[in-house]
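I opened the model today to look at one helix and its surroundings. My notes follow in the order I took them.

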Amino acid sequence: MIDPRLQTLRVLHERGTVTATAEALHLTPSTVSQQLRQLSARLGLELLEPAGRTIRLTPAALALVEHADALFARWEEARADLAGHADGVAGRLRITGVATAIAGVIAPAAARLREELPRLAVEIGEDPGENRFELLLAGRADIAVVIPAPGGPPPSSRLRSSREVPPSDDARFVQQPLLEEPQDLLVPAGHRFAGRAAQGVALAEADGESWIRAGDPADQHQLLLTACATAGFTPRVRHDAVDWYAVAALVAHGFGICLVPRLAPVPERCPVVRVPLCGEPLPVRRFLAAVRRGSERQPPIARGLAALRAAAGEREAKGV
């Protein structure tokens, strides 16, 4: 068995503070500090050093984290091999993801698993405000449906399309392409684009419009800036909202237009129109399925990934 205090050190490296590490692992800060002191004493090495008012990992601790990442990946592989000797797929599978991913692929995948594997308990969480990679690292989730964002673990330098399944460039995680979700324009019912829902609108035509920065700031806001820059202009952002019902209300009352993911819900009675974008390049949002490296062959996780891919394939066949 791997010393669990190594996991505490890994999470500290990810979170940066003892308090944040304790929150991630559901421990008290004093317990985290005690585990790190014990690990340091056992190895005969200083693992932490002061850095102003906080602490940082020593070079020895950073080297140890690299070895720990490899050890935990091999442990996940060992668990997968041992699980192959058991009959059937049982236990618990925890999946986390953004709201539109839950609606579009996670819920259908979980329903499929419930029907095919009645002994497998699937738990789903949106976990707003949480770093989903930290949930994986802390063992609080088994699969995370994520959207690549600046500052996150790199998917792979070789990732080119949603059809490829390369390894992650991060030693702790494997990330597999799942779904590419197109973006539409959301405009008021009386807008000049509202009558073009059949043929679509080129994003460059929206230069000069007032914009609402809509959706998750971690990914959707950056997507807006990147898409508009590619189309040759900078959006004049006047308002922002996260909840899509609030976004639709702002659009309906003429406060601006916005990019809306194809899977995001729009209130049926709200006087807004979803208009597809046309031309190249089209802005898309990419979903990845992330797991702890080495765990992807464990039967519950492997079946969960397969169910997510099947649900994503059905979505793509329907045009998302």
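I took helices (H or I, at least four residues) and strands (E, at least two) as DSSP runs, numbered from the N terminus. On that basis L93 lies in strand β3.

This is a predicted model, so I kept to its thresholds: local features need pLDDT of at least 70, side-chain atom pairs count only at pLDDT 80 or more, and totals for chains, interfaces and linings use all residues. Residues are numbered from 1 along each chain as its sequence is written, and side-chain values use heavy atoms, with hydrogens and water left out.

**Overall.** I counted nine helices and 12 strands in the protein. Its C-alpha atoms fill a box of roughly 70 × 55 × 35 Å along the principal axes. Of the 320 residues, 47% count as buried. Buried means under 20% relative accessible area, with exposed over 50% and partly exposed in between (1.4 Å probe, protein chains only).

**L93.** Is L93 buried or exposed? L93 has 0% relative accessibility and therefore counts as buried. I then listed its contacts, a contact being heavy atoms within 4.5 Å. Leaving out residues up to four places away in sequence, L93 touches L113, L120, A121, V122, E123, D142, I143, P300, I301 and G304. I also checked L93 against P108: 15 residues apart along the chain, their C-alpha atoms are separated by 15 Å.

**Helix α5.** Next I looked up α5, residues 99-116. It has 18 residues and reaches 24 Å from first C-alpha to last, close to the 26 Å expected at 1.5 Å a residue. The expected span is 1.5 Å times one less than the number of residues. Where does α5 bend? It bends by about 40 degrees at I106, and the proline P108 follows within four residues. The bend is the angle between axes fitted to the seven residues ending there and the seven starting there. I noted the buried residues of α5, among them T100, G104, I106 and L113. Their cover includes β3, β4, β5, β6, β12 and α9.

**α5 against α9.** The axes of α5 and α9 come within 8 Å and cross at roughly 125 degrees. Axes are lines fitted to C-alpha atoms, for helices over the stretch in contact, and angles run from 0 to 180 degrees between N-to-C directions. The pair is therefore oblique. Angles under 35 degrees count as roughly parallel, over 145 as roughly antiparallel, 65 to 115 as roughly perpendicular and the rest as oblique. Residues making the contact include G104, I106, P108 and L113 of α5 and G304, A307, L308 and A311 of α9.
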